[in-house]
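Let's take a friendly walk through a protein model. Have a look at the picture before reading on.

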Amino acid sequence: MKVSRTSRLNGEYQKEISEIIRLGKDKMVGLGGLISVTEVDVAPDLKTAIVYVSIYGKNEEESKTSFKALQENAGYIRHRLSQVMRMRTVPALTFRMDGSMVYGAKMDELFKKIHKDTDEE
């Protein structure tokens, strides 16, 4: 099975961006909570990349603050990425929220409630 170059780059960028965020939390003001890079989608021309992140904070306000801090530090993350990746160009990063963690937690709660209701009957 042949894997395309962009899919390999997606995985590498995902791994490296996660590491940069993890190590740079003290340098990037406003980051808090659990930040997970769920997917990276690099354009075929390698000029742009959409980074999907899931943020699980203490509350909704902390999650929004962390997401805004990520957007503001996109240039810093791109710069650090250029130091790690040996490529001619490093794509411009656009961050988007991925609500899959929140959706999954909500579904777990619903399943627990259903299971609890069936046990009571």
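This is a predicted model: local features need pLDDT of at least 70, side-chain atom pairs count only at pLDDT 80 or more; totals for chains, interfaces and linings use all residues.

Residues are numbered from 1 along each chain as its sequence is written, and side-chain values use heavy atoms, leaving out hydrogens and water.

The protein has four helices and three strands, in the order α-β-β-α-α-β-α from the N terminus. Here helices (H or I, at least four residues) and strands (E, at least two) are DSSP runs, numbered from the N terminus. The C-alpha trace spans about 65 × 45 × 20 Å along its principal axes.

The mean pLDDT (the predictor's confidence in each residue, from 0 to 100) is 87 for the protein, and 95% of the residues score at least 70.

| Element | Residues | Mean pLDDT |
|---|---|---|
| Helix H4, lowest | residues 100–120 | 80 |
| Strand S3, highest | residues 92–97 | 94 |

Now for the helix pair. The axes of H1 (residues 5–23) and H3 (residues 74–84) come within 10 Å and cross at roughly 120°. Axes are lines fitted to C-alpha atoms, for helices over the stretch in contact, with angles from 0 to 180 degrees between N-to-C directions. The contact (heavy atoms within 4.5 Å) involves Tyr13, Glu16, Ile17, Ile20 and Ile21 of H1 and Ile77, Arg80, Leu81 and Val84 of H3.
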